[in-house]
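This briefing is intended for a reader who has the sequence and the structure at hand. Please view them together before turning to the points below.

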Amino acid sequence: MRNVTDNGLDIIKRFEGFSPTIYVCPAGWPTIGYGHVVQDHERKEFEHGIDEGIGEDLLRFDVEVAERAVLRLIQVPLADGQFDALTSFTFNLGAGALQRSTLRRKVNRKEHAWVPAEFRRWVWAGGRRLEGLVRRRNTEATIYGYR
């Protein structure tokens, strides 16, 4: 199976940040570590927090889920930066967002020049435009390429 590069993983980590305790993300989800959405059955396990090692393990599991979704939904060959960008996007927003997006359709049609603009549309959470998402989508658009 294909994996994000170390650069792609670093981008995800930088934008997610690390929290040793559960917090509610801007989209309203209970979250811990590097953006891991806490499921109901995990609440007790994480109620006293986690260390960075556990955070890394959760991140690798969650990134693998995003990688598999990208591999399933994207039907064209991708350069490493393109795969990293799409995996970061999917990690952040979920496979459903990628599946129903114009972004996916543009990639699969090989309309690569239009893809960066599609990344930049996804900057809203909880009904608000978030500067952190603007920065993340700009980074994803840049590493995807084809400005």
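The model is predicted, so local features are reported at pLDDT of at least 70 and side-chain atom pairs at pLDDT 80 or more, while totals for chains, interfaces and linings use all residues. Residues are numbered from 1 along each chain as its sequence is written, and side-chain values use heavy atoms, with hydrogens and water left out.

**Helix α8**

- Helix α8 covers residues 131-144, which makes 14 residues. Helices (H or I, at least four residues) and strands (E, at least two) are DSSP runs numbered from the N terminus.
- From first C-alpha to last, α8 reaches 20 Å, close to the 20 Å expected at 1.5 Å a residue. The expected span is 1.5 Å times one less than the number of residues in the helix.
- Buried positions in α8 are L133, V134, R136, R137, T139, E140, A141 and Y144. Buried means under 20% relative accessible area, exposed over 50%, and partly exposed in between (1.4 Å probe, protein chains only).
- An α-helix has 3.6 residues a turn, so residues three or four places apart point the same way.
- The buried residues of α8 pack against the helices α1 (6-16), α4 (80-93), α6 (102-108) and α7 (115-119), and also against the strands β4 (124-125) and β5 (128-129). Contact here means heavy atoms within 4.5 Å.
- G145 follows α8 and has a positive phi, near 95°.

**Largest nonpolar core**

- The largest nonpolar core has 24 residues. Such a core is a set of buried Ala, Val, Leu, Ile, Met, Phe, Trp, Tyr and Cys residues joined through side-chain atoms within 4.5 Å.
- The residues with the most contacts inside this core are L78, L86, L103, V107, F119 and Y144. At least two core residues come from each of α1, α3, α4, α6, α7 and α8.
- Beyond residues up to four places away in sequence, Y144 touches L78, G81, Q82, A85, L86, V107, H112, V115 and F119.

**Largest pocket**

- The largest pocket holds about 760 Å³ of space. A pocket is an open set of points on a 1 Å grid over the protein atoms alone, where a 1.4 Å probe fits, with protein on both sides within 12 Å along at least five of seven lines; lining residues have an atom within 4 Å of a point. Grid points are joined across faces, edges and corners, and the volume is the space filled by probe spheres set on the points.
- Of the 30 lining residues, E16, G35, F91, N92 and L93 are the closest to the centre of the largest pocket.
- At least two lining residues come from each of α1, β3 (36-37), α3 (52-73), α4, β4 and α8.
- The lining of the largest pocket comprises 17 nonpolar, nine polar and four charged residues. Ala, Val, Leu, Ile, Met, Phe, Trp, Tyr, Cys and Pro count as nonpolar, Asp, Glu, Lys and Arg as charged, and the others, Gly among them, as polar.

**Individual residues in helices and strands**

- L58 is found in helix α3 and is buried, with a relative accessible area of 13%. Leaving aside neighbours within four places in sequence, L58 is in contact with I32, H36, F46 and I50.
- W124 belongs to strand β4 and is exposed, at 53% relative accessible area. Outside four places in sequence, W124 is in contact with R129 and L133.
- D10 lies in helix α1 and is partly exposed, with a relative accessible area of 48%.

**Individual residues in loops**

- F18 sits in the loop between α1 and β1 (19-24) and counts as partly exposed at 27% relative accessibility. Not counting residues up to four places away in sequence, F18 touches G33, Y34, I50, D51, E52 and G55.
- K110 lies in the loop between α6 and α7 and is exposed, with a relative accessible area of 55%. The phi of K110 is positive, about 60°, although K110 is not a glycine.
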